[in-house]
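Please open the structure in your viewer and keep the selection tool at hand. The tour below goes from stop to stop, saying what to select and what is there.

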Amino acid sequence: TLGAVVAHAQSSQILPSYPKLAFGGTISPAYDGWYDNPDGTRTFLMGYYSRNWEDPIEVPIGPNNHFEPGPPDRGQPTHFMPNRNFGMFSVTVPKGHKEKLWWVVTVNGVTQRVPMSDTPDYNITPQHSSEEGPDGRYNYPAVLRLTENGPKLQMALATQANAVQRVAIAGEPMTIDFWVDDDALHSSGSNAPTSGREPMVEMVVNKYRGPGKVSVGKGHHHLTVLKGGKPGEPFSAKGSTTVTFSEPGEYQIHVTANDLSGPGGGASGCCWTTGLFKVSVKPAGTAPPTGV
């Protein structure tokens, strides 16, 4: 089972079991594993654990939220949701890169850092499950599209480079749509069957970056089934929600498609898919955007 690396605080030792708080708690960067790419580059998958169980926390890029050494901004969130959030972003380094990178986060006076380590214990296969199921098949992440005929995303691929560009007006709901296709299989450490009550795919939409508040229609979003709907039966669906921005500025919205394995793939390192919207929010009273 893949366990996240959770680092020690500089001022005191913070263990993963440190209790949650309504507010005033710490945030631990979490390292969810690494994998090699066909071109020789190496990708590190990163998430976090926020012990603030009521409210999200804002931590801008800078002294309290940075990578070291090198560029401080490597695509990490500045808006941290409560609880454990798996594989929110990735960092890819060139072939032959040897220098160890650290993600450093300071919240409520406590600094925690996590190294990106390429030890074999943290080698994962997010492209498919590491073990075949009882029927001999491997589980694959859902295929996610953020526009109807747009690129197909599969596994945790949300990056600044592949984000979908949108324009919105402050205070006015903006609709976002998503399409998903999945094999309706699942990953687990025991290969135990599902109860049959879990959704084939569960969508989670949250603010990722931006200056103001973002109201999302609902945290988990209903999907209209287009095909399938039973475990092991190929599944397709479409969903939508609204996001409303409190003030103008540049924002990012993070989208996750969790398959039957659940958040974090049931600690298997697979199978969830991520995407990003980059939204340029204009002041209230601006002419409505067209074509975006």
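Begin by selecting C270 and C271, which form a disulfide with their sulfur atoms 1.7 Å apart; a disulfide is counted here when two cysteine sulfur atoms lie within 2.5 Å. A disulfide is a covalent bond between the sulfur atoms of two cysteines. The link of C270 and C271 is right-handed, with 90 degrees about the S-S bond, and a search of the whole structure finds one disulfide.

Before moving on, note that this is a predicted model, in which local features need pLDDT of at least 70 and side-chain atom pairs count only at pLDDT 80 or more, while totals for chains, interfaces and linings use all residues. Residues are numbered from 1 along each chain as its sequence is written, and side-chain values use heavy atoms, with hydrogens and water left out.

Are the two cysteines buried or exposed? C270 is buried at 1% relative accessibility, and C271 is buried too, at 0%, where buried means under 20% relative accessible area, exposed over 50% and partly exposed in between, with a 1.4 Å probe and protein chains only.

Next, select R145, which lies in strand β10, residues 143-145; a strand is a DSSP run of E with at least two residues, numbered from the N terminus. R145 is buried as well, with a relative accessible area of 15%. Leaving aside residues up to four places away in sequence, R145 touches several residues, including D177, W179 and D181, contact meaning heavy atoms within 4.5 Å.

Definitions and conventions
Helices (H or I, at least four residues) and strands (E, at least two) are DSSP runs, numbered from the N terminus.
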